[in-house]
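Please read it alongside the sequence and the coordinates.

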Amino acid sequence: MAQRKMIVFPTKNELSQAMAEYTANLSAKFIKEKGLFTVVLSGGDLIDWLCKLVQPPYIDSIEWSKWHVFWVDERVCAWEDPDSNYKLAMEGFLSKVPIPDKNIYAIDKHWAADGNAEHCAALYEECLKNLVKEKIIPISKKTGYPEFDLQLLGMGPDGHMASLFPNHPQINEKQKWVTHITDSPKPPPKRITFTLPVINSSLYNLMAICDKAPAKSVAEIMKRNNLSLPSAHLSAQVENVWYLDQAAASEL
């Protein structure tokens with residue numbers, strides 16, 4: 001597993017620029033090597049920080065038609081609900097780039113609107129298994145779990161990542177690829193999430209953290225490797241890199 005690397009940027013804007021460059025470089029690398037690029041998004045502010053990808057030089061140079069887009073976690077609600085990570089990503093990023101609709105793998109629309117978290121998790125896992133059969137997602141030879149090219153992640157002030165929260169059992173799930181939670185400490189309570197082994201089977205993981213609120217958790221992880229915080233468990237097959245702005249790094 002890759003060691004944690006950390007880069008601190010003077011401003012959020014520079015972090016955003018670096019994240020676009022990192023993503024574009026990996027997109028080019030994987031498309032050249034295997035003809036497609038699997039990228040996993042999270043919610044929150046991350047979509048705002050991806051804004052540079054929809055500007056030159058990236059908007060015109062990336063082979064968007066070869067992208068396959070997933071979510072590391074999702075709120076179990078209607079697609080048009082303001083809480084939906086799908087809605088956030090569509091409005092802020094995906095609607096502005098020519099990725100084919102069939103290459104965007106959202107939570108099941110009907111069951112999400114119905115609020116059935118357990119069924120949504122099972123269906124999302126089924127979707128991943130079908131894509132393994134179709135040779136879109138390989139199974140990691142090292143871990144036995146699906147292997148994505150790049151995941152773009154964020155961390156909450158409490159140290160959670162995806163919908164793996166402190167003092168909740170989902171972090172320990174090793175059988176399933178996708179699990180669910182119905183008592184998330186951060187609203188809305190119903191969510192689905194990749195499990196830790198799937199997250200850590202990704203080839204590249206980029207954790208982007210900005211602002212003062214998560215600074216204490218950043219310090220707990222970087223200085224003490226406090227494993228009670230789910231984000232401290234993040235690894236990757238090739239590179240596990242953390243991008244921080246000055247505020248997020250302020251307690252280091």
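## Pocket, cavity, core and cysteines

The lining of the largest pocket divides into twelve nonpolar, seven polar and six charged residues, where Ala, Val, Leu, Ile, Met, Phe, Trp, Tyr, Cys and Pro count as nonpolar, Asp, Glu, Lys and Arg as charged, and the others, Gly among them, as polar. The model is a predicted one, in which local features need pLDDT of at least 70 and side-chain atom pairs count only at pLDDT 80 or more, while totals for chains, interfaces and linings use all residues. Residues are numbered from 1 along each chain as its sequence is written, and side-chain values use heavy atoms, with hydrogens and water left out.

On a 1 Å grid over the protein atoms alone, a pocket is an open set of points with protein on both sides within 12 Å along at least five of seven lines, a cavity is a set where a 1.4 Å probe fits but cannot get out, and lining residues have an atom within 4 Å of a point. Grid points are joined across faces, edges and corners, and a volume is the space filled by probe spheres set on the points. A search of the whole structure finds one cavity of 30 Å³ or more.

| Space | Volume | Lining residues nearest the centre |
|---|---|---|
| Largest pocket | About 370 Å³ | Gly-44, Gly-154, Met-155, Gly-156 and Lys-186 |
| Largest cavity | About 60 Å³ | Trp-71, Glu-74, Ile-107, Tyr-124 and Ile-192 |

The lining of the largest cavity has ten nonpolar, one polar and two charged residues, and its largest share, three residues, comes from β7; strands (E, at least two residues) and helices (H or I, at least four) are DSSP runs numbered from the N terminus.

The structure holds zero disulfides, a disulfide being a pair of cysteine sulfur atoms within 2.5 Å. Cys-51 is too far for a bond because its sulfur is 11 Å from the closest cysteine sulfur, in Cys-210. Cys-77 is likewise in no disulfide, with the nearest cysteine sulfur, that of Cys-120, 9.6 Å away. Cys-77 counts as buried at 10% relative accessibility, whereas Cys-51 counts as partly exposed at 29%; buried means under 20% relative accessible area, exposed over 50% and partly exposed in between (1.4 Å probe, protein chains only).
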